[in-house]
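Notebook open, model loaded. I wanted to look up the pockets first, then the ligand.

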Amino acid sequence: MKLQGKSAIITGAASGIGKEIAMTYAREGAKVAIADLNFDAANATADEIHAAGGQALGVAMDVTSEDAVNDGMAAAVAAFGGVDILVSNAGIQIVHPIEEFTHADWQKMLAIHLDGAFLTTRACLRHMYSSGRGGSIIYIGSVHSKEASLLKAPYVTAKHGLIGLSKVVAKEGAKHGVRANVICPGFVRTPLVDKQIPEQAKALGISEADVIKKVMLKETLDGEFTTLQDVAETALFFASFPSNALTGQSLIVSHGWFME
Ligand code: NAD
């Protein structure tokens, strides 16, 4: 098992990509804290992991709240005796053309994606630094960390920002044995994406089938969605990498949608 003896905290892990990463880490022997706004769903995910023989803890956490993040991190550290891996994953999507975006929606997007990443990183680093055992911080970026799309101004802005944050964490964390990297997935069928399909169809004046074919998967090499497992395997790779050589990087998993 690749993560035996490790403890991980994963935000937004009650659903979608975060949940798959949590199940994968638990199968590989990690103790996982399922930190989510939706506490009932977080506990349900933790129950699934227990039923499969793993160790997990549901944690109520709004990643935009300084107190909730600090308290949730402290609860996970107390339960597991430390933290070795943070996956900053919680996220939402709101799509509009820029001229129709409300300031409130812009701020909400940046709060969840960027304030959430900052607050969880800070709380986690304090524990990682004081324990002296180093760690791995993984941000769930997106192809939109590298590329833009119509209707997604705050999302693209925030996802690009995660690359900058990760590079600073890599530089500052190095002397403490902490590495930081970003995963940049293409479209994955989760509630976040399923919600966008009708919204984009309406905003762009096209059918839902065309949103999938001509917008979401248009630039992929094979017309395929990236899967939950594709992203979870990449998160396992970063978390279990055996040295601190792999830091400050971003890895695109998108069926070739974007290449660099
Ligand atoms: P999802 O909707 O399935 O899951 C998101 C989870 O985040 C939910 O459990 C939700 O309760 C939680 N959450 C929302 N706001 C929160 C908050 N303030 N505090 C704590 N938890 C909160 O979405 P997903 O598709 O699995 O997305 C996870 C991450 O992956 C997001 O950062 C998203 O931007 C990114 N991503 C998704 C895709 C995709 O195609 N699905 C592609 C690239 C990147």
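Started with the largest pocket, which holds about 870 Å³ of space. This is a predicted model, so I keep that in mind.

I counted the lining next: 43 residues, with Asn89, Ala90, Gly91, Ile92 and Leu192 nearest the pocket's centre. Two or more lining residues come from each of α1, β2 (31–36), α4, α5 and α6. I noted α6 as the largest contributor, at five residues. By class, the lining splits into 21 nonpolar, 16 polar and six charged residues.

Then I checked where the ligand is: it sits in this largest pocket. I found 29 residues around the ligand, and the closest are Ser15, Asp36, Tyr155, Val188 and Thr190. The shell has 16 nonpolar, 10 polar and three charged residues. Here too α6 gives the most, this time three residues. Helices α1 (16–27), α4 (103–131), α5 (153–173) and α6 (191–204) each put at least two residues into the shell.

An oxygen atom of the ligand is 2.7 Å from a backbone N or O atom of Val188. For ligand nitrogen, I have 3.3 Å to a polar backbone atom of Leu37 and 3.4 Å to one of Met61. The protein buries 92% of the 830 Å² that the ligand exposes when taken alone.

Last entry: the second largest pocket, volume about 270 Å³. It is lined by 13 residues, and Ala148, Ser149, Leu150, Lys214 and Val215 are closest to its centre. Both α6 and α7 (208–216) give two or more residues to that lining. I sorted the lining into six nonpolar, two polar and five charged residues.

Key
Residues are numbered from 1 along each chain as its sequence is written. This is a predicted model: local features need pLDDT of at least 70, side-chain atom pairs count only at pLDDT 80 or more; totals for chains, interfaces and linings use all residues. Side-chain values use heavy atoms; hydrogens and water are left out. A residue is near a molecule or strand if one of its heavy atoms lies within 4 Å of it. A polar contact is a pair of N or O atoms within 3.5 Å; within protein, one must be able to donate a hydrogen and the other to accept it, and residues adjacent in sequence count only if both atoms are side-chain atoms. Accessible areas come from the Shrake-Rupley method with a 1.4 Å probe; for residues, only the protein chains shown count as cover. On a 1 Å grid over the protein atoms alone, a cavity is a set of points where a 1.4 Å probe fits but cannot get out, and a pocket is an open set with protein on both sides within 12 Å along at least five of seven lines; lining residues have an atom within 4 Å of a point. A molecule sits in a cavity or pocket if more than half of its atoms lie within 2 Å of its grid points. Helices (H or I, at least four residues) and strands (E, at least two) are DSSP runs, numbered from the N terminus. Ala, Val, Leu, Ile, Met, Phe, Trp, Tyr, Cys and Pro count as nonpolar, Asp, Glu, Lys and Arg as charged, and the others, Gly among them, as polar. Grid points are joined across faces, edges and corners, and a volume is the space filled by probe spheres set on the points.
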